[in-house]
Amino acid sequence: MALRLRAAMCALVLVSACSPKQMALNRMASALADSSSVYERDNDPEFVRLAAPSTLKTVEMLLSQAPDNQQLLLTACSGFTQYSYGFLHVEAELKPADDPAAKDLRTRAGKMYQRARGYCLHGLELRHRGLTLAALGRDPSAALSVTTREDVPWLYWTGASWGADLSLAPNQLMRVAELASVRALLSRARSLDDTWQSGAIYEALIAFDGLPPLLGGSPAAARADFEKAMELTGKRSVFACVALAATIGDAAEKRRLLEQAVAIDVSSMTSRRLTNLIAQRYAKAMLSASR
């Protein structure tokens with residue numbers, strides 16, 4: 001009896017010794033996860049551009065101590081994807097194509113997307129043993145069949161970061177096969193919870209369904225994605241308007257969509273304010289260039 005009591009007391013001491021550190025890390029992980037929604041509601045993109053890197057680096061510092069913390073992994077994946085799009089990718093698109101600064105921004109954006117994808121892929125493998133990059137390459141639909149509704153954020157951010165990286169790749173033809181994995185990730189997310197984040201999945205699918213038919217695209221499907229995204233956001237998705245405009249060849253239709261994007265009151269949907277502000281800036285630049 002005394003031996004069992006001493007063993008129990010030793011176990012309690014060991015748990016107590018490590019528990020405060022783990023508890024502090026979990027609290028910090030939760031706080032950093034909440035920072036994404038705080039940033040998204042902000043109305044000053046420049047402020048977020050300056051503040052976000054320190055937050056993301058803090059996430060990575062914590063991941064160096066707890067590399068399998070799923071909350072931190074998802075925060076890193078979504079955070080690096082959002083930062084890369086809003087402050088590197090779009091900035092590159094706003095500059096002349098032959099501007100050396102634009103090339104540098106695209107290179108940096110691609111690396112950020114790759115970093116984001118790596119965190120999400122690690123998280124998916126932790127959640128589902130065997131769900132690896134290699135498995136996604138062999139048969140993405142089969143590999144993703146084990147995922148559930150709780151995995152939708154992981155599926156979305158993995159697909160978003162991967163697809164964005166492909167859009168910037170200098171050797172796109174050599175990476176065409178990867179489109180199947182990205183499409184499968186987003187399609188699986190849609191089948192599990194198509195209303196997630198007020199139509200974010202449909203917004204992402206616009207770009208893929210807007211590809212040429214030889215790459216699996218369909219103008220009708222892209223239009224359907226757009227309509228569904230607008231329905232789920234109450235016609236307040238600037239991003240959806242810009243995404244569809246980028247897939248359309250007709251100049252008049254493209255201009256109509258961009259004007260629609262610019263006319264949306266971004267303050268009417270505070271949960272997506274920052275994304276809409278950045279997309280609206282992009283729309284204004286595209287309209288100006290078309291004049």
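K57, E60 and R115 are linked in a network of salt bridges. The model is predicted. Its salt bridges come to a count of 14.

**Salt bridges**

| Pair | Closest N and O atoms | Relative accessibility |
|---|---|---|
| E46 and R49 | 2.6 Å | E46 41%, R49 31% |
| D209 and R183 | 2.8 Å | D209 8%, R183 22% |
| E259 and R255 | 3.3 Å | E259 40%, R255 29% |

Start with E46 and R49. Both sit in helix α2, residues 45–65. They are three residues apart, so about one helical turn separates them. E46 is partly exposed. R49 is partly exposed as well.

E259 and R255 belong to helix α12, residues 251–263. Here the spacing is four residues, which means a separation of about one helical turn. The salt bridge has its closest N and O atoms 3.3 Å apart. E259 counts as partly exposed at 40% relative accessibility. R255, at 29%, also counts as partly exposed.

D209 and R183 form a salt bridge, with 2.8 Å between the closest N and O atoms. This pair links distant parts of the chain. D209 lies in helix α9 and R183 in helix α8, residues 179–193. The two are 26 residues apart. Is D209 buried or exposed? D209 is buried, because its relative accessibility is 8% and the cut-off for buried is under 20%. R183 has 22% relative accessibility and counts as partly exposed.

T75 is placed in helix α3, residues 70–93. At 7% relative accessibility, T75 counts as buried. Which backbone atom lies 2.8 Å from a polar atom of the T75 side chain? It is the backbone oxygen of Q71.

One of its members, L214, is in a loop. That loop runs between α9 (200–209) and α10 (219–232). L214 has a relative accessible area of 87%. Exposed means over 50%, so L214 is exposed.

Technical notes. Residues numbered from 1 in each chain as written. Predicted model: local features only at pLDDT ≥ 70, side-chain atom pairs only at ≥ 80, totals over all residues. Heavy atoms only, no water. Buried < 20%, exposed > 50% of the residue type's maximum accessible area, 1.4 Å probe, protein only. Polar contact = N/O pair within 3.5 Å; in protein donor to acceptor, adjacent residues only side chain to side chain. Salt bridge = Lys/Arg side-chain N within 4 Å of Asp/Glu carboxyl O.
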